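Here's a quick tour for anyone meeting this protein for the first time. Have a look at the sequence and model below, then read on.

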Amino acid sequence: MASRATIDLPLHDGRVPRWLYDRMVKLAECILAIIVDEYGPRGLLERIADPLWFHALSCTLGYDWDSSGTTTVTCAAIKEALQRREIGVKVCGGKGKTSRLTPQEIPAVCKLYDIESEAPKLVKISKLVAKIDTSAIQAGYQLYHHAFFIAEDGSWAVVQQGMRPEEKYARRFHWLSTEAKSFSEEPHKGIVGNVVHQNVLNLVDRESREAREVCVEVAREGPEKAERLLKAALTKVKGPLDRWIQRQTAIAVEAYKLPRTVNWYALEQALQVSPSSFEELLLIEGMGPLTIRSLAFIADLIFGAKLSWRDPVRYAFTFGGKDGIPHPVDTKRMDEAIRFLAEAVDKANVKWREKREALRRLTGLLNSVTQL
């Protein structure tokens with residue numbers, strides 16, 4: 001247990017046993033069909049995008065409540081289950097190399113559901129949410145898993161995960177189309193992590209609204225103007241105690257190193273493209289965390305635009321902590337998820353032994369919530 005009574009889910013090497021994975025897929029096929037029968041395809045997306053529901057489902061399918069692998073293997077099992085049975089929802093992408101197949105898989109799903117005109121927009125959204133969770137929120141997590149869920153009516157959800165290489169702990173990002181009113185300002189359904197980091201550059205916080213606008217304006221001026229402004233900003237750094245040098249969090253780069261980390265080609269592209277929004281800026285090829293950080297540096301020190309350094313994590317691996325940090329424990333919602341899944345398991349067309357094991361894991365999950 002961490003000091004804040006959060007649930008530590010370190011990443012482990014190795015693969016899930018095939019016998020377990022096959023049973024996960026079979027059980028997922030039954031449970032997902034029951035959920036869609038009860039709530040419809042969009043209702044399934046709403047639950048996949050809910051960190052509480054997702055974690056409870058992971059435990060039901062095959063993971064103990066405090067196990068790692070709840071994201072990647074669960075999404076893989078769901079993807080295969082939805083390939084076996086048509087219930088109005090499909091999954092694109094996955095872990096590692098599979099995630100890079102998402103742009104090719106999305107059009108195929110759209111064709112299946114006769115919503116081909118939606119494919120370009122959904123491919124763009126897939127790329128954008130990945131850029132936001134690596135470049136607009138700089139907590140040092142490198143994405144290695146991206147699952148894009150599409151319902152037959154074109155609604156979508158995303159479950160993606162990143163890892164901090166130093167600690168080898170994961171952070172999971174949940175998105176839902178019906179609740180993402182803006183991609184650039186507090187767009188997530190939930191963010192799940194182990195710890196709340198200090199001084200995370202958070203450009204999707206509402207406090208960073210002016211800074212986002214300045215970043216776009218500076219980028220539109222091209223690399224030469226940006227370089228002059230960056231040099232001017234560096235003259236304002238007073239020494240080793242400067243606030244920017246102290247912020248060794250997401251991207252540990254001292255201020256004097258910023259000019260060497262900027263992707264000047266990306267800024268040249270920005271000059272040509274002339275992005276009209278922060279979303280368009282992020283989608284420019286090569287516009288990564290360090291270049292965005294440099295633009296934020298200029299926005300702060302030259303134009304005085306306020307930046308948010310608040311970590312947006314909302315859940316400590318689903319349940320929150322005893323002290324309510326980063327999120328109060330919501331046992332009522334967890335109990336509701338467990339109760340529904342227990343009933344779904346009972347209805348599922350699987351062997352009694354598999355039902356018993358799924359119910360055992362749910363009981364362990366319920367006990368862990370009760371103890372918090």
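Predicted model: local features only at pLDDT ≥ 70, side-chain atom pairs only at ≥ 80, totals over all residues.

## The second largest pocket

The lining of the second largest pocket splits into four nonpolar, seven polar and three charged residues. (Ala, Val, Leu, Ile, Met, Phe, Trp, Tyr, Cys and Pro count as nonpolar, Asp, Glu, Lys and Arg as charged, and the others, Gly among them, as polar.) Closest to the pocket's centre, among the 14 lining residues, sit Ser99, Arg100, Ser126, Ala130 and His146. Helix H4 (102-112), helix H5 (119-136) and strand S3 (142-151) each give two or more residues to the lining.

Residues are numbered from 1 along each chain as its sequence is written, and side-chain values use heavy atoms, with hydrogens and water left out.

The protein chain averages a pLDDT (the predictor's confidence in each residue, from 0 to 100) of 80, and 73% of the residues score at least 70. Residues 248-256 fall below 50.

## Where H7 meets H10

The axes of helix H7 (residues 223-234) and helix H10 (residues 264-273) come within 8 Å and cross at roughly 125°.

Pro223, Ala226, Glu227 and Leu230 in H7 are in contact with Trp264, Leu267 and Glu268 in H10 (heavy atoms within 4.5 Å). By class, that contact has five nonpolar, no polar and two charged residues.

Definitions and conventions
1 Å grid on protein atoms, 1.4 Å probe; cavity = no way out; pocket = protein on both sides within 12 Å on 5 of 7 lines; lining within 4 Å. Helix = DSSP H or I, 4+ residues; strand = E, 2+ residues; numbered from the N terminus. Axes fitted to C-alpha atoms, helices over the stretch in contact; angles between N-to-C directions.
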